[in-house]
Amino acid sequence: MGELEQAVLEALWDLEGSDPERPGASGRAVHERLHGHDGRDLAYTTVMTVLDRLARKDVVVRERDGRAFRYAPRLTRAAMTAELMHEALEGTRDDREQALVSFVGEASEEDLAALRRALADLS
Amino acid sequence: MPTPAVLGVLAVLLAGPLPWVLSRWTGLRRTPAAAMVLWQSTALASVLAALGAGLSLVTARLWEDPAGTGDVVVAGLAAAVTVVVLARLLVSGHRTGTSLRRMRRLHRERVDLVAEVDGGVSVLDHDVPVAYCVPGMSGSRIVVSRSTLTRLAPAELSAVLEHERSHLRARHDLVLEAFAVLHLAFPRWVASASARREVEVLVEVLADRAASRTSGRRALLAALVALAGSPAPAGSLGSAGSSLAARVEVLRDTRPHPWQSAAVSVLAAAILALPTLLVVRPWLAGLV
């Protein structure tokens, strides 16, 4: 399912800006894109299920458009990556709950000097 | 001395002075595995002693024959305090647990949507180097950024990955969570903050040990230099800085410390076992 969600989100990102009048894309357009571009033979209902699931995860924004919905990614791919990076770097700082466990947090000049000394002493 | 008083004094000693002393004994980190057990047994024993002090005071007063009004009042107060301690722990545990699991799930879901998976590692397309793990019962992730892959030599990268894998293998997240729960439940009067800080250092030291065993100390230190030396995001320098200094200090020390390790382990066992055997058992036996 994860791989399917990735493909659908990918298609939405590709379709961004295809219609300058209206943001987002219809479920039909996403279905066609997956079929035409990726050669995926997915049922239309499957695509709709995945779109709804992405909307529930707040990754995709759903807006009513007449009798159907239009779907748009909440963030661009770069912005979503930046958001994750921010969460990862943020988590290393204060004494809140540690949701993510980082390899190394922020380092002071003294820390870096101690590190370099330790490395130099090895050689 | 009566049982409630013994347990009460013990609870205070284990919650305040002992953690205070342990957090100042930096040499303890040279035996990180034993130190970890000692911290956990100290925390567990202090909670048990506090609960035991309350409960034994209740029974001491009510089992009295005949129990006067004063006895009932004291017993009621002791019961109330015990319930408050237990309730704070349960509420804090529930809150911390749900919020951690939620944050991790949300993070993992988005990682799965944008990251490219390469050899079991999720790679984010970003030019700030990071490496971290998202722990979780239902699927954990090790995440690095593209820039980590390009900056690190193969041995350095394997040190980083082994460090993260060791966090996940040993379920360090659960230990961190337990001490976060304690700190949230009792933020003041007890040494819960320093206990938590020290345990945070210890899990890093343990993961560093695992990494240097497989990839070598040199590779690990070089990886630390590469990833810590990168421009840090804006913001003040927090306690993370001193934890790095502590890690380097332990990494420099390669001598084995079997005696310290044994002594610390014995102390950890004694802290849990002795009060149970010498105080709690006689008290429980006296009730029936």
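Is the crossing of H5(A) and H9(B) left-handed or right-handed? It is left-handed. This is a predicted model. Chain A has a mean pLDDT of 85.

**Confidence**
- In chain A, 93% of the residues reach a pLDDT of 70 or more.
- Helix H3 (residues 44-56) of chain A has the highest confidence in that chain, at a mean of 92.
- Strand E4 (residues 101-102) of chain A has the lowest, at a mean of 86.
- Where pLDDT is low, predicted coordinates should not be read in detail.

**Hairpin in chain A**
- Strands E2 (residues 60-65) and E3 (residues 68-73) of chain A run antiparallel and are joined by six bridges.
- A:Val60 has A:Pro73 in E3(A) as its bridge partner.
- Two residues lie between the strands of this hairpin, where A:Gly66 takes a positive phi near 65 degrees.

**Helix pair H5(A) and H9(B)**
- The axes of helix H5 (residues 109-122) of chain A and helix H9 (residues 217-228) of chain B come within 10 Å.
- They cross at roughly 150 degrees.
- H5(A) is therefore roughly antiparallel to H9(B), since angles over 145 degrees count as such.
- On the H5(A) side, the contact residues are A:Asp111, A:Leu112, A:Leu115, A:Arg116, A:Ala118, A:Leu119 and A:Leu122.
- On the H9(B) side, they meet B:Arg217, B:Arg218, B:Leu221, B:Ala222, B:Leu224, B:Val225 and B:Ala228.
- By class, this contact of H5(A) with H9(B) has ten nonpolar and four charged residues, with no polar ones.

Methods
Residues are numbered from 1 along each chain as its sequence is written. Chains are lettered from A and ligands numbered from 1 in the order in which they are written. This is a predicted model: local features need pLDDT of at least 70, side-chain atom pairs count only at pLDDT 80 or more; totals for chains, interfaces and linings use all residues. Two strands pair if DSSP finds at least two bridges between them. Helices (H or I, at least four residues) and strands (E, at least two) are DSSP runs, numbered from the N terminus. pLDDT is the predictor's confidence in each residue, from 0 to 100. Axes are lines fitted to C-alpha atoms, for helices over the stretch in contact, and angles run from 0 to 180 degrees between N-to-C directions. Angles under 35 degrees count as roughly parallel, over 145 as roughly antiparallel, 65 to 115 as roughly perpendicular and the rest as oblique. A crossing is left-handed if the near helix is turned anticlockwise from the far one by less than a right angle, and right-handed if clockwise. Two residues are in contact if their C-beta atoms, placed from the backbone, lie within 7 Å. Ala, Val, Leu, Ile, Met, Phe, Trp, Tyr, Cys and Pro count as nonpolar, Asp, Glu, Lys and Arg as charged, and the others, Gly among them, as polar.
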